[in-house]
Amino acid sequence: MARDGIVPSTLNGVKAADPGMPTIESPPALSFENVSKTFLVSGDIPLAALRHVSFRIPQGRKVAIIGRSGSGKSTLLHLSAGIEWPTEGAIRLMGRDLAGLGDRERTLLRRETVGLVFQFFNLLSHLSVRDNVLLPAWIASDLGPAAASRAEELLARVGLAGRLDDPIRKLSGGEMQRVAICRALLRRPKLLLADEPTGSLDDENGRVVMEQLLSLSSQEKTTLVYVTHSPELAALADETWTLHSGLLELTGGRH
Ligand SMILES: Nc1ncnc2c1ncn2[C@@H]1O[C@H](COP(=O)(O)OP(=O)(O)OP(=O)(O)O)[C@@H](O)[C@H]1O
Ligand SMILES: [Mg+2]
């Protein structure tokens with residue numbers, strides 16, 4: 001199997017025998033290397049939203065981020081998706097350095113790699129449940145039978161098989177958020193970023209939606225990073241990180 005001195009780290013699930021050999025490892029889904037983000041506010045006063053943040057998230061891991069309002073949680077997600085730009089440091093998505101890509105390449109990488117779920121759904125209220133989930137396929141000019149059956153299958157998995165043709169406005173908040181999750185997963189992203197996905201739901205609905213988000217991510221082997229204000233919902237992740245005024249700390253579990 002060895003070629004050019006490189007052996008796969010696993011072969012049919014079995015570890016390569018020689019620990020001394022270099023291995024091909026799948027890249028982390030997301031990594032930050034000494035990333036800082038400074039905004040200029042009130043004219044030109046610098047505000048450090050993130051300060052020297054470094055981490056690697058292996059593929060398939062689930063990470064919860066907590067922290068006070070203004071601590072930098074959304075900024076971290078926006079940088080991860082390539083929506084915002086770091087002031088310093090390197091960000092890699094599936095091993096690809098975002099700074100090394102042009103605008104078009106970065107947009108394509110984001111579309112194919114990242115699914116986004118935000119607090120206020122960003123659903124189109126005049127479209128049906130099914131069509132909202134299909135939007136990413138429409139944007140990618142890939143609106144065929146495979147996308148349609150994928151959308152229906154995802155919606156069935158969150159209990160919305162009977163609501164496919166309903167306009168979004170007829171759904172409850174929890175149901176809308178499930179639609180938003182299905183839409184984010186439609187194109188099988190490697191990385192799902194969710195910013196307070198249950199923030200506008202009551203505790204009970206929030207827990208149900210979060211459990212669905214976690215179990216769909218497991219089934220799909222999607223890496224998940226979610227922001228929450230709830231320590232209880234954060235505890236459902238593999239690990240919890242806390243942001244304190246732009247500084248990141250591992251504060252819970254790694255199991
Ligand atoms: N576009 C921007 N221009 C200027 N300042 C910004 C901008 N975006 C964020 N900030 C500032 O950066 C800091 C971090 O903001 P961020 O939105 O990441 O916080 P957050 O932890 O998500 O807060 P919340 O829990 O309220 O959503 C805040 O002080 C915020 O005012
Ligand atoms: Mg936020």
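Colleague: Is K221 buried or exposed?
Modeller: K221 has 10 other C-beta atoms within 10 Å. A residue is buried with 20 or more other C-beta atoms within 10 Å of its own, exposed with 12 or fewer, and partly exposed in between; C-beta atoms are placed from the backbone. So K221 counts as exposed.

Colleague: What kind of model is this?
Modeller: Residues are numbered from 1 along each chain as its sequence is written, while chains are lettered from A and ligands numbered from 1 in the order in which they are written. Local features need pLDDT of at least 70, side-chain atom pairs count only at pLDDT 80 or more, and totals for chains, interfaces and linings use all residues, since the model is predicted.

Colleague: How many helices and strands does the protein chain have?
Modeller: Helices (H or I, at least four residues) and strands (E, at least two) are DSSP runs, numbered from the N terminus. Counted like that, the protein chain has seven helices and 14 strands.

Colleague: Where is K221 found?
Modeller: K221 is not a glycine, yet its phi is positive, about 55 degrees. It is found in the loop between α6 (203-220) and β12 (223-227).

Colleague: What share of the residues in the protein chain is buried?
Modeller: The protein chain has 255 residues. The buried share is 35%.

Colleague: In what order do the four strands of the open sheet stand?
Modeller: Strands pair if DSSP finds at least two bridges between them. β5 (30-41) and β6 (45-57) pair in the antiparallel sense over nine bridges. Five bridges join β5 to β8 (residues 88-93), and two join β8 to β9. The pairing is antiparallel, and the order is β6-β5-β8-β9.

Colleague: Which strands stand at the edges?
Modeller: Each edge strand has a single partner strand, so one side of it is left without a neighbour in the sheet. The edge strands are β6 and β9 (96-97).

Colleague: What is the bridge partner of L30 in β6?
Modeller: Toward β8, L30 stands opposite L93. Toward β6, the bridge partner of L30 is I57.

Colleague: Which residue in β9 stands opposite L93?
Modeller: The hairpin of β8 and β9 has two residues between the strands, and M94 takes a positive phi near 45 degrees there. Across in β9, L93 faces R96.

Colleague: Is S42 buried or exposed?
Modeller: S42 sits in the loop between β5 and β6. That hairpin has three residues between the strands, and S42 has a positive phi near 40 degrees. With 6 other C-beta atoms within 10 Å, S42 is exposed.

Colleague: Which element gives the most residues to the shell around ligand 1?
Modeller: A residue is near a molecule if its C-beta atom, placed from the backbone, lies within 6 Å of it. The residues around ligand 1 include F39, V41, L47, A49, K73, S74 and T75. β5, β6 and α1 (73-80) each supply at least two shell residues. With three residues, the top contributor is α1.

Colleague: Which helices do the buried residues of α3 pack against?
Modeller: Helix α3 (residues 129-139) buries V129, N132, V133, L134 and P136. Residues are in contact if their C-beta atoms, placed from the backbone, lie within 7 Å. Not counting residues up to four places away in sequence, V179 touches V129, N132 and V133, among others. The helices packed against α3 are α4 (145-157) and α5 (173-185).

Colleague: How far apart are the C-alpha atoms of S128 and K170?
Modeller: S128 lies in the loop between β10 (114-117) and α3. It counts as partly exposed, with 17 C-beta neighbours inside 10 Å. S128 and K170 are 42 residues apart along the chain, but their C-alpha atoms are separated by 9.6 Å.

How values were computed:
Contact = placed C-beta atoms within 7 Å.
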